Amino acid sequence: MVAAECTNALAEQMVQKMAFSNSYDRVVRELQQTEEFRQILVMETGFPSQDFIDLTDELLRLRVGNTVIDQQALFDLKCSLRTIGECLRFLLDDAAARYPMLHELAQKVELDPSLSKTLAKLIDDKGEIYDNASDTLLDIRREIAKKRCDVDNQINRQLARAKREGWAPENGEVTIRNGRLVIPMLDTHRRKIRGLIHDESATRQTAFLEPSDVVELNNDLRELEFAERHEIQKILAQFTDRLRPQLTQLINAYWFLARIDFIRAKARFALTLRAGRPIVDSIAKINWLDARHPLLYLAHKGDIVPFNITLDDTHHILIVSGPNAGGKSVCLKAVGLIQYMLQCGLLVPCRETSEFGIFDDIFIDIGDQQSIDNDLSTYTSHLQNMKSLLETAHEGTLFLLDELGGGTEPRSGCAIAEALIEELHSRHAYGVATTHYADLKLLADRHAGICNGAMLFDTDQMKPLYRLAIGHPGSSFAFEIARNIGFPEEILRAAGEKVGVEQLNFEHQLQQIELEKQQLAQQKAQLDMADAFLSEVTGKYRQLSDNLESRRYDILSSARKEAQEIIANANRTVEQTISDIREAQAEREITLRARERMKAELQRIASDQEKHDEQREAAQATLPAAEARRPGGARPDPEEGEAPIRIGTIVRIDGQETFGQVVELKGKKAVVESNSIRMTIALNRLGGTWKKAIPADKSSRQNNRFQSIYDDINEKRKYFNPTLDLRGQRAEEALGSLQQFLDEATLLSEKELRVLHGKGYGILKQLIRQQLQGNHDVQSYHSERIELGGDGITVVHLK
């Protein structure tokens with residue numbers, strides 16, 4: 001499949017030579033080169049896509065003296081050198097930061113730029129040598145053009161004469177026979193014009209004649225064509241002599257071109273497979289997420305069940321059990337094929353956050369290798385494979401064993417398989433084995449490095465789910481599958497009696513325990529999320545409450561200061577009035593003017609006091625205790641009844657859960673004291689109660705406050721968009737929008753966000769990521785997957 005993506009013959013050879021490598025540096029380099037080219041295919045448009053021609057064999061031939069490049073190879077050289085130049089310009093100009101591995105590959109290529117210029121003057125885009133490639137060639141072609149014109153004129157005159165005399169068919173035209181221009185003549189008149197007969201028609205009624213006076217012209221023309229070919233050969237020889245000193249550089253350049261085509265083929269295959277570059281470690285390990293069998297994925301066009309698998313120091317051997325046709329062998333083959341792909345330098349069909357290790361070797365025993373020629377039975381072939389494995393297995397070995405212990409007497413086969421697994425475990429080898437034997441499933445209870453895995457089975461619909469669950473053994477479901485296909489019930493009953501009820505119940509309980517385990521895990525996850533959300537919300541709004549309480553204190557302090565200033569101003573006005581009266585010896589007009597000033601000042605004080613009361617009421621309304629207003633101006637609890645409002649009455653403020661005590665009546669208003677705060681409130685907003693003291697309602701107010709907060713959060717979350725589009729915004733505007741976006745997301749306990757900033761020159765992306773790095777609420781961030789936007793989108797994970 002990879003070779004089919006190549007257009008270069010040398011690149012196809014590279015694909016055929018592609019092999020397993022246990023060198024960490026080489027594997028990482030191959031993967032990175034392929035990943036970089038995959039990004040080029042997805043994101044770039046300027047990379048060349050044609051004329052990846054391999055001329056290595058032709059260049060090697062030209063190393064021999066007196067050899068000359070042919071005209072077709074010269075044309076291929078021109079086209080392919082142009083492609084090499086375009087590749088180098090793309091990878092060397094500004095690609096060092098974006099594609100460092102391909103940039104490093106391009107730096108090793110050296111080309112003489114004058115070579116391409118010479119080729120551009122020598123041969124055109126149709127593969128023909130230019131007339132002015134040499135002065136001699138130009139003269140020859142001019143003479144050829146003149147001779148051809150003379151031949152055309154002469155033969156057309158002869159044809160016109162033959163038609164006029166009735167010697168040629170009326171619809172006859174000049175044609176070519178044996179490379180010469182001829183005219184058709186009726187057979188009865190073929191001797192009317194002197195010349196050379198080259199051919200005749202199938203009916204022998206028409207002869208094709210070359211007139212004698214045209215023969216000489218054609219001979220001259222043929223000699224000129226020979227001279228043209230000789231001159232072209234001379235030009236090619238001169239060019240080859242100039243080319244020969246540069247052959248080593250050119251061969252290296254064509255190796256680079258083939259290498260690029262090889263990497264491009266792997267990248268194209270990765271796009272077909274939706275494969276990516278995972279995290280690669282130098283030690284042996286497997287931690288795969290959403291792994292997919294590559295061939296199965298292509299055959300079913302992506303409609304397959306992925307699997308997760310982990311092999312590490314804690315659990316390095318996995319025993320997989322489950323029903324027949326449940327996917328055990330397919331899962332085993334997928335593990336081997338994906339790991340082999342990675343160590344061949346191919347991108348793998350897993351989530352890009354998967355972790356891969358590098359193994360020294362892989363041992364596989366899958367299928368039946370029995371052979372009549374070699375006198376091998378099924379079990380003997382398995383034993384020989386096991387022997388080879390035991391000879392070299394170590395901590396860097398990955399082994400894959402299918403149907404372990406099968407092919408012989410069950411008790412003996414199971415015992416040998418059990419001893420084999422224990423030996424491999426002692427050597428700390430990594431591996432996956434499939435089995436139906438219960439004794440092998442019990443190894444996980446005796447050895448810490450061994451764990452069980454099960455291919456799940458739907459007992460309701462009686463069909464396999466093809467899902468790998470690690471942590472418990474699976475059941476073979478032999479009786480259920482047999483019953484589902486209509487196997488005779490009496491045979492199944494007899495078999496059940498032989499196996500025993502306890503064994504059947506054990507198999508059933510295994511499946512039931514797994515289902516209950518999944519349900520409990522799902523419920524626990526939901527409860528953990530709810531608990532974390534509640535704790536986070538409580539903490540945030542406790543902080544908000546403290547901030548509001550601090551604001552309340554500041555507002556009250558400011559009000560007290562303003563009240564003191566009002567009283568001080570009033571005292572100064574009174575003292576000034578008394579002083580004016582005394583100095584004027586109580587003259588009537590002066591006294592009246594003083595009283596008017598006093599009255600005006602009292603009115604101003606009352607007006608200021610009313611304004612301050614309104615401001616204080618507005619400030620009170622912002623506090624959490626005042627958020628839960630009752631709709632429609634509801635009155636107090638009717639069970640308490642309404643008491644007349646007088647000084648000392650305990651009242652409830654309309655629209656609030658706050659109680660207060662009336663300390664003063666001012667016409668249609670009352671001064672109410674609540675929590676050491678005095679407020680002037682209209683009487684129609686107060687409801688009298690028969691309470692003797694202000695009730696302690698802190699808990700109810702707190703509950704109402706948190707209920708209001710919770711409702712507000714739900715409302716905000718309903719319309720919150722986790723994707724922020726900053727394209728087209730200036731840096732300052734974009735950073736402000738980003739901070740507001742992060743604050744709101746943190747308040748709503750969002751965990752994953754996407755910031756769309758585009759690619760461009762990367763300046764906005766750099767500023768955004770600098771701000772994300774300095775934000776204590778951000779846990780991590782990374783670029784989006786290539787197929788979903790790549791570097792144009794930053795995915796943000798909040799704490």
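## A guided tour from helix to sheet and back

Start by selecting D220, which is partly exposed, with a relative accessible area of 29%. Keep in mind as you look around that this is a predicted model.

The side chains of D220 and K147 meet in a salt bridge, at 3.5 Å from N to O. D220 belongs to helix 8 and K147 to helix 7, so this pair ties together parts that are 73 residues apart in sequence. Is K147 buried or exposed? At 18% relative accessibility, K147 counts as buried.

Stay in helix 8 and pick R222 and E225. These two also meet through their side chains in a salt bridge, again given as 3.5 Å, N to O. Both lie in helix 8, three residues apart, which is about one turn of the helix. R222 is partly exposed at 29% relative accessible area, while E225 is buried at 19%.

Next, move over to helix 7 and select Q154, which has its place there. With 15% relative accessibility, Q154 counts as buried. Which residues does Q154 touch, leaving aside its neighbours within four places in sequence? They are D213, V214 and L217.

Four of them form an open sheet in the order 1-2-4-3, with antiparallel pairing. Strand 1 (175-177) and strand 3 (195-200) stand at the edges with a single partner strand each, so one side of each is left without a neighbour in the sheet. On average, neighbouring strands of this sheet are turned by 50° against each other, direction ignored.

Strand 1 pairs with strand 2 in the antiparallel sense over three bridges, and I176 stands opposite L181 in strand 2. The hairpin of these two strands has two residues between them, and there N178 takes a positive phi near 55°.

Colour strand 2 by burial, and you will find that six of its seven residues are buried. Strand 2 is joined to strand 4 by four bridges, and the two run antiparallel. Select I183 to see one of the pairings: its bridge partner in strand 4 is L209.

Strand 4 (residues 206-211) also runs antiparallel to strand 3, with five bridges joining them. Pick G195 and look in strand 4 for its bridge partner, P211. Then bring helix 7 (residues 135-165) back into view: this helix packs on the sheet, touching strand 2 (180-186) and strand 4, and its direction makes about 0° with that of strand 2. Helix 8 (residues 212-243) packs on the sheet as well, touching strand 2, strand 3 and strand 4; its direction makes about 65° with that of strand 4.

**Further stops**

Select D290 and R351, whose side chains meet in a salt bridge of 2.8 Å, N to O. D290 lies in strand 6 (residues 286-291) and R351 in the loop between helix 11 (328-343) and strand 9 (355-356), so the pair ties together parts that are 61 residues apart in sequence. For a network, select D187, R190, E200 and R204, which are joined by salt bridges that share partners.

Then go to L60 in helix 3 (residues 56-61). L60 lies 8.0 Å from I251, C-alpha to C-alpha, although 191 residues separate them in sequence.

Finish at L271 in helix 9 (residues 247-273). L271 is partly exposed, at 35% relative accessible area. Together, L41, V42 and L271 make a nonpolar surface patch of about 200 Å².

Definitions and conventions:
Residues numbered from 1 in each chain as written. Predicted model: local features only at pLDDT ≥ 70, side-chain atom pairs only at ≥ 80, totals over all residues. Heavy atoms only, no water. Patch = residues over 30% accessible without salt bridge, like charges linked within 9 Å, V, L, I, M, F, W, Y side chains within 5 Å. Areas by Shrake-Rupley, 256 points an atom, 1.4 Å probe, with all protein chains shown as cover. Salt bridge = Lys/Arg side-chain N within 4 Å of Asp/Glu carboxyl O. Buried < 20%, exposed > 50% of the residue type's maximum accessible area, 1.4 Å probe, protein only. Pairing = 2+ DSSP bridges. Axes fitted to C-alpha atoms, helices over the stretch in contact; angles between N-to-C directions. Contact = heavy atoms within 4.5 Å.
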